[in-house]
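Dear colleague,

Please find the structure below, handed over for your records. My notes on what was found in it follow directly after.

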Amino acid sequence: MNKKILIPLIVIGVIVLGIAVSWILWLTKESKPLQIFILDKTVPTMERAEHKSFNWILNHNKFVKYTGERYDVNTDYYGFFPLNVKTQEFDFRSIRIHDIKSIADEYDMLYYTDTYGVYYNEWYKQGTSDVKHTQKVYGGLNQNDYLLLKEMKERKKLIITEFNLYNAPTNGLIREKVEELFDLKWSGWTGKYFQSLDTTRNEIPQWISALYREQNNNQWPFKNAGIVLVHKFGTIAVLELGTHLIDEIPFIHAKQEMIDRFGVPEETYYPQWFDITFSGEQNNVLANFNINVNAQGDSVLRSYNLKPVFPAVIEHTGDYSFYYFGGDFAENEVNMAFAYLEGFHTILANLNRTNYSNTHKFYWNFYVPVITTILDEYYQNKE
């Protein structure tokens, strides 16, 4: 046989064999029954990006419902359900007050992946970049969501929450209750890395540049990469590479105890939305965000009473089990088909190159080992 034909056939055969072996290895893994409550109110597309990557981990590690069924990314959650994007049909599944105790009885743990919600311009005007400060269709943490958190805490069941747990459109009273419940304190600030601050490249949402111009004599002088900080009352602060930043993107620095326990790298870049939330003494901060600023950038932060280092992963163990992720950790692009291949995540963790514009490296090197370890530890202790 011609070598030009033989070599590609051998390569294809090796790949097919590798996939088959990987799938068989996944099939032989033991299932782990764990009843998990997922809340996702931010589902403006059929992709369900805010909890899809969490479901990938559940399926890959064979966490199943007590019925033995795998978790379905399309149906096994509470929150917003897009039915038909073209006709703007939707439904939602909310926590009712008389169901709180029965939910707490039924479920072993809960994960609030996103409570921000869906807005008019996201749902009824597809494709627009101006998706903030518009009428809410559905969203925000409400009283019943809070009461379920409280009930699960009292029962010492695992609780995982993350970015936007109590940000707008959640009202101030509910936010204060949640802060008190878990010994947290939100600064009022959120932020995000942008690969380019040049408004002609359409990466920056229009509402950000519009608000900044209102506050700064109609000026937007930024062109390079940088970080935008947004306060709950509308103040915009911008940190630009070169002018204010030494490194253009925030990094997550894990403490040694987290490196040893979760198998994460000491430093991981993070390109998604984050919030600046502080922790009380009852909790343990496992990792911090670090914005590497120069003297001018430090001056900008200090003018708003901010520091360049703040919590990224907060943990409470002992009398109850609780985690808070200070970023939009669960939003990552994944292919659900690869969840059923053993060892696939290890390959991707080593193959992904540094690219600040996507979350792949963060997902495989940080989020996957963190969530997997938390679930495995909780399952083993429960057993």
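**Salt bridges**

Lys-150 and Glu-154 form a salt bridge in which the closest N and O atoms are 2.9 Å apart. The two residues sit four residues apart in helix α5, so about one helical turn separates them. Lys-150 is partly exposed, at a relative accessible area of 31%, and Glu-154 is likewise partly exposed, at 47%. Please note that the model is a predicted one.

A network of salt bridges with shared partners joins Lys-101, Asp-105, Glu-151 and Arg-155. Within this group, the side chains of Arg-155 and Asp-105 meet at 2.3 Å, N to O. That pair links distant parts of the chain, 50 residues apart: Arg-155 belongs to the loop between α5 (143-154) and β9 (158-162), while Asp-105 lies in helix α3 (residues 100-106). Arg-155 has a relative accessible area of 29% and is therefore partly exposed, whereas Asp-105, at 52%, is exposed.

Another salt bridge connects Glu-342 with Lys-29, with 3.0 Å between the closest N and O atoms. Here, too, distant parts of the chain are linked, the residues being 313 apart: Glu-342 is in the loop between β18 (322-325) and α10 (344-351), and Lys-29 is in the loop between α1 and β1 (32-33). Both ends are classed as partly exposed, Glu-342 at 28% relative accessibility and Lys-29 at 23%. The count of salt bridges comes to 17.

**A buried lysine**

Which residues are in contact with Lys-52, leaving aside its neighbours within four places in sequence? They are Glu-47, Val-73, Val-334 and Met-336. Lys-52 is part of helix α2, which spans residues 49-60. Its relative accessible area is 14%; since buried means under 20%, Lys-52 counts as buried.

**A nonpolar patch on the surface**

Trp-23, Ile-24 and Leu-27 make up a nonpolar surface patch, and together they have about 300 Å² of accessible area. Trp-23 is located in helix α1 (residues 3-28). With a relative accessible area of 44%, Trp-23 is partly exposed.

Four strands form an open sheet in the order β12-β11-β10-β15, and their pairing is antiparallel. The edges are β12 (236-240) and β15 (274-279); each has a single partner strand, so one side of each is left without a neighbour in the sheet. From one strand to the next, the twist averages 25°.

Inside this sheet, β10 (residues 184-194) pairs with β11 (residues 226-231) over six bridges in the antiparallel sense. Lys-192 has Val-228 as its bridge partner in β11. Helix α7 (residues 206-215) lies across β10, β11 and β12, and runs at about 105° to β12.

**Strand β4 and its partners**

Strand β4 (residues 78-84) is largely enclosed by the rest of the structure, because five of its seven residues are buried. It pairs with two strands described here. With β2 (residues 36-40) the pairing is parallel, over two bridges, and Gly-79 in β4 is the bridge partner of Asp-40. With β5 (residues 89-93) the pairing is antiparallel, over five bridges, and Phe-81 has Asp-91 in β5 as its bridge partner. The hairpin of β4 and β5 has four residues between the strands, and in this hairpin Gln-88 takes a positive phi near 60°.

**Strand β16 and its partners**

How many of the seven residues of strand β16 (residues 284-290) are buried? Five are, and the strand is mostly covered. Strand β13 (residues 251-254) runs antiparallel to β16 and is joined to it by four bridges, with Ile-252 standing opposite Phe-289. β16 also pairs with strand β17 (residues 309-316), in the antiparallel sense and over six bridges. In that pairing, Asn-284 stands opposite Glu-315.

With kind regards

Methods: Residues are numbered from 1 along each chain as its sequence is written. This is a predicted model: local features need pLDDT of at least 70, side-chain atom pairs count only at pLDDT 80 or more; totals for chains, interfaces and linings use all residues. Side-chain values use heavy atoms; hydrogens and water are left out. Two strands pair if DSSP finds at least two bridges between them. Axes are lines fitted to C-alpha atoms, for helices over the stretch in contact, and angles run from 0 to 180 degrees between N-to-C directions. Contact means heavy atoms within 4.5 Å. Patches are made of residues with over 30% relative accessible area and no salt bridge: like charges are joined within 9 Å, nonpolar side chains (Val, Leu, Ile, Met, Phe, Trp, Tyr) within 5 Å. Accessible areas come from the Shrake-Rupley method with a 1.4 Å probe; for residues, only the protein chains shown count as cover. A salt bridge is a side-chain nitrogen of Lys or Arg within 4 Å of a carboxyl oxygen of Asp or Glu. Buried means under 20% relative accessible area, exposed over 50%, partly exposed in between (1.4 Å probe, protein chains only).
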